[in-house]
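Hi,

Here is the structure I promised to pass on. Have a look at it first, and then read my notes below.

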Amino acid sequence: MCPTLRLHGDLTRHTPPPTWAERAKLWCDRIVTYARRIDLRSDTVTQPDETMRVAMSGAEVGDDVLDHDPTMRRLEEEVADRLGVAAALWVPSGTMGNLIATTIHLRRGDRFLAPRGAHVLEAELGSTAWLAGGMPQPLDWANGPGRISADDVRAYASAAAPYYSLTTRLLCLENTHNFAGGTVTPPDEHAQLVAAARDAGMLVHLDGARLWNASVALGVPPAALTVGVDSVQVCLSKGLGAPVGSLVGGSSSFVTEARRVRKMLGGGIRQGGVLAATGLVALERMDDLAADHANAAALAAGLAELGWEVRPPETNIVIAAVPDTTAALESLARLGVLATALPGAIRFVTHRDAPAHDIAEVLRRITAARSPAPAA
Ligand SMILES: Cc1ncc(COP(=O)(O)O)c(C=O)c1O
């Protein structure tokens, strides 16, 4: 007998067993329930809500390529202020923001360092190498998942190297580190990494697609996590619910150059204020990320209770080790739960469109289906 029916039986212990019609209804209910998908593939799957749609329709706009769209300008100033940098530029995606920054920083014959599994290494189709021109050098997670050590940065200093060696020009940091499981680099460790890079004559770019999550998890302002960087990229379309938009920030001269490179890449958006308006709404929602973190913690705890091998999450990303990712994703999909695969693991990302009751429902479905606990 299926777990749902068994539960029904327990609850109605003093009444006659369910009729076939009642049993059929229970199965139908179950099918309907599972048909409602709970999408934990990413925090990018959120839908712009009514407030954002209203903000879009009322946005003051202008031609951002010819002049400067007034709503984009407002958003850029607001984000620069929050990040503690002189200026910022709206770009359509985090990938473009990273590419613009690395294009400005790198020349052919240069090497860039990044933590193993960084988005710039794994999920941007090698554009930092083949467009920006830098040779990638992944660094091990010597300080814990997603976190590199200052000693390893120093090891790549190129001052004393012969002329035919690569010049290590750039350190790319990522906070939080996505594929390590949304792990956070705290401000003191960030400062040590920046100092090591500076001493070795390197520039520093920070991929802060989820810097807001790190800031909320640590209870420090975002600017505390950008100290000393030459450029930083942040996303509004992850966790904060905007449908599109990232910003790349740095000095005024960096942003002047970034505007030119954005145009080169076809990223000049004319009346972009309709998009930037959603970003201004998104910024007001920063504190809501704490709920995503609590939901991730609840999901991880529930999965661990069911025998899954999970690390307690630091922010909104839960990584569960599984022996067969394809089979695990398929079983989850049959329950109407969507996640993504990493090597040897499943990644669940909590977000504002999957509130606490959805997380409880995910655990209920997995429990009900008696999902085999994936042994590591
Ligand atoms: C750490 C990190 N950097 C950059 C990006 C790229 O952002 P986009 O999808 O907007 O290009 C992502 C996307 O998930 C990310 O996780």
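Predicted model: local features only at pLDDT ≥ 70, side-chain atom pairs only at ≥ 80, totals over all residues.

Leu 125 is not a glycine, yet its phi is positive, at about 55°. Most residues other than glycine have a negative phi. Is Leu 125 buried or exposed? Leu 125 has 10 C-beta neighbours inside 10 Å, so it counts as exposed.

The peptide bond that runs from Asn 175 to Thr 176 is cis, its omega being near 0°. Most peptide bonds are trans. You will find Thr 176 in the loop between strand S5 (167–174) and helix H9 (187–199).

Now for the whole protein. Its secondary structure comes to 15 helices and 13 strands. The radius of gyration is 23 Å, close to the 21 Å that the globule rule gives for 376 residues, so the protein is as compact as a globular protein of that length. Along the principal axes, the C-alpha atoms fill a box of roughly 85 × 50 × 35 Å. Buried residues account for 44% of the 376. If you take the contacts between residues at least 6 apart in sequence, 74% of them join residues at least 24 apart.

Ile 100 and Glu 257 are 157 residues apart in sequence, but their C-alpha atoms are 9.0 Å apart in space. Ile 100 lies in H5, and with 29 C-beta neighbours inside 10 Å it counts as buried. Leaving aside residues up to four places away in sequence, Ile 100 touches Val 91, Val 248, Ala 258, Val 261 and Arg 262.

That brings us to the packing of H5 (residues 94–105) against helix H11 (residues 252–264): the axes are 9 Å apart, at an angle of about 115°. The two helices are therefore roughly perpendicular to each other, and their crossing is right-handed. On the H5 side, Ile 100, Thr 103 and Ile 104 take part, and they meet Phe 254, Glu 257, Ala 258, Val 261 and Arg 262 of H11. By class, this contact has 5 nonpolar, 1 polar and 2 charged residues.

How do helix H13 (residues 289–305) and helix H15 (residues 356–368) cross? Their axes come within 10 Å and cross at roughly 10°, so H13 and H15 are roughly parallel to each other. This crossing is right-handed. Here Asn 295, Ala 298, Leu 299 and Gly 302 in H13 meet Ala 356, Ile 359, Val 362 and Leu 363 in H15. The contact has 6 nonpolar and 2 polar residues, and no charged ones.

Last, take a look at helix H12 (residues 273–283). H12 is mostly covered, with 9 of its 11 residues buried. Among the buried ones are Gly 273, Leu 275, Gly 279 and Val 281. Which elements cover the buried residues of H12? The cover includes helix H3 (50–57), helix H4 (70–83) and strand S2 (87–91).

Happy browsing!

Terms used: Residues numbered from 1 in each chain as written. Helix = DSSP H or I, 4+ residues; strand = E, 2+ residues; numbered from the N terminus. Rg over C-alpha atoms; globule rule 2.2 N^0.38 Å. Buried ≥ 20, exposed ≤ 12 C-beta atoms within 10 Å, placed from the backbone. Contact = placed C-beta atoms within 7 Å. Axes fitted to C-alpha atoms, helices over the stretch in contact; angles between N-to-C directions. Parallel < 35°, antiparallel > 145°, perpendicular 65-115°, else oblique. Left-handed = near helix turned anticlockwise from the far one by under 90°. Nonpolar A, V, L, I, M, F, W, Y, C, P; charged D, E, K, R; others polar.
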